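Please look at the sequence and the structure before reading on.

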Amino acid sequence: MFSTTEVERLRQVENEQLVRPAAQRHVLMCVFVMIAVVLTEPRHVILAGAATVAVAAVVIGLVQIGLSRSRHVRFWMAIENLVIVTTIGVATAVTGGLESPAVPVFCVMAAFIGIRFNGLLSRVLLAYVVFCAVAGVLIADPGVVTAQPGLLTSWLAACMAVWIATTAVGHSERRARTDAISDTLTGLLNRKAFDLRIESLEQQAAGRSLPVAILMCDLDGFKHVNDTLGHDGGDDVLRRVADSLQASARSTDRVYRLGGDEFAVVLDGASVEDAEDVGERLRVGVEQAFPDLPRVTLSVGVATAEAAQMHLHDVKSTADRALYEAKRGGRNAVVCAAPA
């Protein structure tokens, strides 16, 4: 029912909550490498290492700003990993190559990449880890390939083994998280996914200029369907409603089943007029989907907010009140609340 792209975006929203602690650990990891350098290397190397870590810390800070303001979380995570791996490579080059205390950190980065990324991007990032490890070692000691080939190969093999193992773990985790944000009956995204989307949009509010609309939708006459057709018939109606909502919504809109016969649609970048138009299309779509069940119609409550007032849980409450007005006014209607 929902595309791989939609699932990936929801995973990214969840990753926003996971990435920030991970990024803090990355910064600490750079600090630990620097401490190891201070304890083991001469002064000129210490200065070079300090400069490298300082630059990396600034770049990671900028990446964190990007993470907080962009919906392209995986892109910023990849950039952050590139910066950190580059830092480790430089640290390896200036602190002794294979003897550097930075070398084991390449295995840590391989593990992180295996868990957090998948597909081509994961393989590209792993290749970059290998490249930085080899480059750092060779810059420090070009003769190591002939002098200690087994040690270099063992470190690279360890990175590969860690990546393979954590890739399997990451796949299982992504599968579990996909199941956690989907509604098993209709295939739509569920309430957890809806809450995650709201939180993400609120966090991005500072960097946004486009409004957001929330449509709260509720079936009319669904109790009659259950009483007449039984729960199996009711489940079939819900699946047909889900199909209709997906078909009527725009390709950029997200449709959620919140529970029972209650649905929601989040319209990113939609004006009041756009939101009302989409709400009417949803209503008409459901009405036309059930010519054999004239009692099954849809009531829709619409509320919008500008980016500067992106308190979307309040917008949802406003949309709920508009939905109540649609019900009270006779049902099978769209009621649009005043913009927040």
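The model is predicted: local features need pLDDT of at least 70, side-chain atom pairs count only at pLDDT 80 or more, and totals for chains, interfaces and linings use all residues. Residues are numbered from 1 along each chain as its sequence is written, and side-chain values use heavy atoms, with hydrogens and water left out.

An open sheet is formed by 5 strands in the order β2-β3-β1-β4-β5, with mixed pairing. Strands here are DSSP runs of E with at least two residues, helices are runs of H or I with at least four, and both are numbered from the N terminus. Two strands pair if DSSP finds at least two bridges between them. At the edges are β2 (254–259) and β5 (334–336), each of which pairs on one side only. From one strand to the next, the twist averages 20 degrees.

Strands β1 (residues 212–220) and β3 (residues 262–268) run antiparallel and are joined by 7 bridges. In β3, A264 stands opposite M216.

Two helices lie across strands of the sheet, as listed here.

| Helix | Lies across | Angle |
|---|---|---|
| α8 (residues 191–203) | β1, β2 and β3 | about 25 degrees to β3 |
| α9 (residues 222–248) | β1, β2, β3 and β4 | about 150 degrees to β1 |

Axes are lines fitted to C-alpha atoms, for helices over the stretch in contact, and angles run from 0 to 180 degrees between N-to-C directions.

T297 is found in strand β4 (residues 297–305). Is T297 buried or exposed? With a relative accessible area of 10%, T297 is buried, a term that means under 20%, whereas exposed means over 50% and partly exposed lies in between (1.4 Å probe, protein chains only). Leaving aside neighbours within four places in sequence, T297 is in contact (heavy atoms within 4.5 Å) with D218, L219, D220, V286 and N332.
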